[in-house]
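What makes each label apply?

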Protein chains: 2
Amino acid sequence: MGLIEPRPLPSVLLVGLVPIATWFIVRPLLEPIPAIPALYSSVGLSIFAFLASIYLVPALGPTFIKANLKGHDLLKVYKDDLDIPESMGLVCASIYILALILFIPFAFSTPIRDQALAKKAQEGITVVEFPHYQLAVYLSSLLSLLIATMLGFLDDVFDIRWRHKLPIPIIASIPLLMVYYAEHGNTNVVVPLPFRVLLAELINLGPLYYVYMAMLSTFSTNSINILAGINGSEVSQALVIAGSIIVNDLLYLPWPIDFRLPLHLLGNKTELEFGGVWNAGMAYGSRQLVERHLFSLYFMLPLVAVCLGFLYHNWYPARAFPGDTLCYLTGMAFAVVGIQAHFSKTLLLFFIPQIFNFVLSCPQLFGLVPCPRHRVPRFDSNTNLLHPSKAEFKTSPSKLSILVLRLLSTLGLTQVTEHPNTGLISEATNLTILNVFLLRFGPMNEKKLNQVLICSQLAGSGLAFFIRYGLAWLVYDGDRR
Amino acid sequence: MGLIEPRPLPSVLLVGLVPIATWFIVRPLLEPIPAIPALYSSVGLSIFAFLASIYLVPALGPTFIKANLKGHDLLKVYKDDLDIPESMGLVCASIYILALILFIPFAFSTPIRDQALAKKAQEGITVVEFPHYQLAVYLSSLLSLLIATMLGFLDDVFDIRWRHKLPIPIIASIPLLMVYYAEHGNTNVVVPLPFRVLLAELINLGPLYYVYMAMLSTFSTNSINILAGINGSEVSQALVIAGSIIVNDLLYLPWPIDFRLPLHLLGNKTELEFGGVWNAGMAYGSRQLVERHLFSLYFMLPLVAVCLGFLYHNWYPARAFPGDTLCYLTGMAFAVVGIQAHFSKTLLLFFIPQIFNFVLSCPQLFGLVPCPRHRVPRFDSNTNLLHPSKAEFKTSPSKLSILVLRLLSTLGLTQVTEHPNTGLISEATNLTILNVFLLRFGPMNEKKLNQVLICSQLAGSGLAFFIRYGLAWLVYDGDRR
């Protein structure tokens, strides 16, 4: 068994990015104090996190292999069964969490504020420091992320069966829930217009709200984890989702310039406004909304950074595997910002491909169709192409299974093989979005398949923005804060 | 290789303790509301943590062995090289941290306070709920504990060399330091009487105080880690230290009864007072001191619980090994309470055997005397007794080494062997407290040696209390808050 050569790194990276990152970190101390000084520090720390990730992942690879954290790439032909380091999401997770911890003094400490207050009042919304109670919220989020990382790594080390690991994210969300409770978090939900006839405008979900939060983290974690198996798939999903959240957050910040999108053309009552120092775009002047989206931004920027650094080594042909650790980390990070910054419904819109994949997988997850240990596409070593993989019926399928498979087959989401003699379904392609792509667009190589996945995720995010800002007025009234 | 049989558990444990623990958790909701309701919840959760630890450690043993987390007991003769699960401190750590997370609503939430306020004013100091800013301090402590656990486990998995792992606890203390900074923590230190001529009564250490905090966690973690190697040694040290901290904390609580120790006989100016609902013993009526020691108590009670549960399986002959994970966890827990509850000097007094062992180890740690990979005593399989292990000089020792060894030998702390021809030192017993015990008291079996260690730790704590409350007036004036 050989050791894979790490992908070479351009040395210009270090020389070019270190001064830029340093400038961003130092910038809040220079005149004139920016409106949101901590945002600069966050960008600076994120660039350092990117560098740490891109340099440490290959450097630590041999250590992981030595500790038996390694795997073979099932979709490649390597001469002598190359060992590829597995669970390297742990490196990303450690860098990410360390960056978030080091960010605490920038976001919650006073020296910078004292300087700012010494100046004359700034114009527009200024978020120099988070209010003090937010520190507990921030720390509980860190705790949840750290527990998710730990559990993801334990999952990699102990190889927990998937039925047992479904509820694991609930454990990681306990700190979120406990602090939410201790902070008397809001458990009200705005009721969509069509249901207001039956219910009030606001209903208090009470304990159910906690169940909802726990479910959200379970969903976001597992849905990324089951859409996995080809080089780069886990981390590129995470990148697109995190990128979409960042774009959404930017709509709520006090930009110095102010422009509008002509959304009335879509029938929307209010225009989509970006920027403006006083009303801060979609925040409509609400300091609380600006703070919430800053909170989200501070978690997403370093996440994008470590994921980008990792993707460089995880891109086809992969030199490092993420393991469950990365899926748990990213899934939990999304749940954290969705819950703490109160945009969980918008968040779910960014998961359209994952929701599709999850719903499609249900017949296999719940035993209607046999579920093999791996559902990744089948690799043809002669053509270097991937084909849809198949699940084989060992016993004759039940009536319900037949009905479901016929329906999915009609929709073009699976392809069934019938036994030549009996006419019974003997095989069906595995019910994952990756196999659907291969069915619809024909066999393709692994890199191409991942690119298709990225495009579908981008298209999903485009749709999400359209629904959120173009159609939300259909089900909710007023400006959707 | 066989699998070791776990030690049997009396079933009365579960039947007996579950109702007691439940009562403690429910008690704060019952009339009359106690003065410190969260203390009851803490005791209840600790009993549950004890049960979880004593039942889960043997239950998860086979899983650990399957994941290659196993070791052989070097100081025993087992028929077929029995595998013993290693790193099982991870189980204790997980239970401990989960218990502390579940405790958040009891210590920081209002429903209980609202009930209490509805009653007429209580008599004496009542700590119904911690002030809100303490939640951030509590959460940062949890983060540090979790990072210490994670790093300890990574140390077990990746087997980091000791020179590299010395600074690891500093990483774990970063959340403590960051939040301390963001909370504008006090960095003043009271100067001892003899130095007040040179300095002021209070000096502000500034950044040095952060260095001191980081050093404290490094010391408490590593000093437990290097006094290890025989069955039960790591966890029994932790138990005695935690027990001493608990006794010290209890001196500051508002007990309904009030009694004094005649300390003036020792020349002390103030009597040692326990209890009293108004002045709360040594707290002399300071609500802040009561809160600090409650904070410490809330971290120490579940720690004692999980350690007790683990000791049952780690006691001679051990059925489970703690791994570095347990040393990191306990060391960090002590550093956390010492720092956050502001009694780091008292804390260090409870580490007398560890300080002795560390100072004694220095010639080996810093290369004056050769340091073999393991310094545990040597096992004689014929007599089943332990003898002092020896470090061998491969080259002739330097003059400084000879001087140090002659000095230690005169003090009876090592035994040197001279080469019969040259008269040069060729061997010396390893410089650990365990080898000193074996030198002073003669060879003994492993169980006995651990009991001697426990006795020395208890004697150290006794001395610590005497210094802290009997002699402190020599170097500090006033009541020592």
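This is a predicted model: local features need pLDDT of at least 70, side-chain atom pairs count only at pLDDT 80 or more; totals for chains, interfaces and linings use all residues.

Residues are numbered from 1 along each chain as its sequence is written, chains are lettered from A and ligands numbered from 1 in the order in which they are written, and side-chain values use heavy atoms, with hydrogens and water left out.

Q: Why are helix 1 and helix 2 of chain A called roughly antiparallel?
A: The axes of helix 1 (residues 12–26) and helix 2 (residues 37–66) of chain A come within 7 Å and cross at roughly 155°. Axes are lines fitted to C-alpha atoms, for helices over the stretch in contact, and angles run from 0 to 180 degrees between N-to-C directions; helices (H or I, at least four residues) and strands (E, at least two) are DSSP runs, numbered from the N terminus. Angles under 35 degrees count as roughly parallel, over 145 as roughly antiparallel, 65 to 115 as roughly perpendicular and the rest as oblique, and helix 1 and helix 2 of chain A are therefore roughly antiparallel to each other.

Q: Which classes of residue make up the contact of helix 1 with helix 2 of chain A?
A: The residues of this contact (heavy atoms within 4.5 Å) include A:Leu17 and A:Trp23 of helix 1 and A:Phe48 and A:Ile54 of helix 2 of chain A. They divide into 18 nonpolar, 3 polar and no charged, where Ala, Val, Leu, Ile, Met, Phe, Trp, Tyr, Cys and Pro count as nonpolar, Asp, Glu, Lys and Arg as charged, and the others, Gly among them, as polar.

Q: What makes helix 9 of chain B roughly perpendicular to helix 14 of chain B?
A: Helix 9 (residues 207–226) and helix 14 (residues 352–365) of chain B pack at an angle of about 75°, with their axes 9 Å apart. That angle makes helix 9 of chain B roughly perpendicular to helix 14 of chain B. Among the residues that meet are B:Phe219 in helix 9 and B:Phe358 in helix 14 of chain B, and by class the contact has 5 nonpolar, 4 polar and no charged residues.

Q: Why is helix 10 of chain A described as roughly parallel to helix 17 of chain A?
A: Helix 10 (residues 233–250) and helix 17 (residues 446–475) of chain A pack at an angle of about 25°, with their axes 10 Å apart. This makes helix 10 of chain A roughly parallel to helix 17 of chain A, and the contact has 8 nonpolar, 8 polar and no charged residues.

Q: How much area do chain B and chain A bury between them?
A: Chain B and chain A bury about 3400 Å² between them, 87% of it on carbon and sulfur atoms, buried area being the accessible area (1.4 Å probe) that two parts lose on being put together, summed over both. The contact takes 39 residues from chain B and 39 residues from chain A. In chain B, B:Leu143, B:Met150 and B:Phe158 lose the most area to chain A, together 18% of what that side buries.

Q: What is the helix content of residues 42–67 of chain A?
A: An unreviewed UniProt entry lists residues 42–67 of chain A among those for "transmembrane region", and annotations may be inferred rather than shown by experiment. The span is 96% helix and 0% strand, with its end C-alpha atoms 34 Å apart.

Q: What marks out the backbone at A:Pro317 and A:His342?
A: Most residues other than glycine have a negative phi, and most peptide bonds are trans. The peptide bond from A:Tyr316 to A:Pro317 is cis, with omega near -10°, and A:His342 has a positive phi of about 55° although it is not a glycine.
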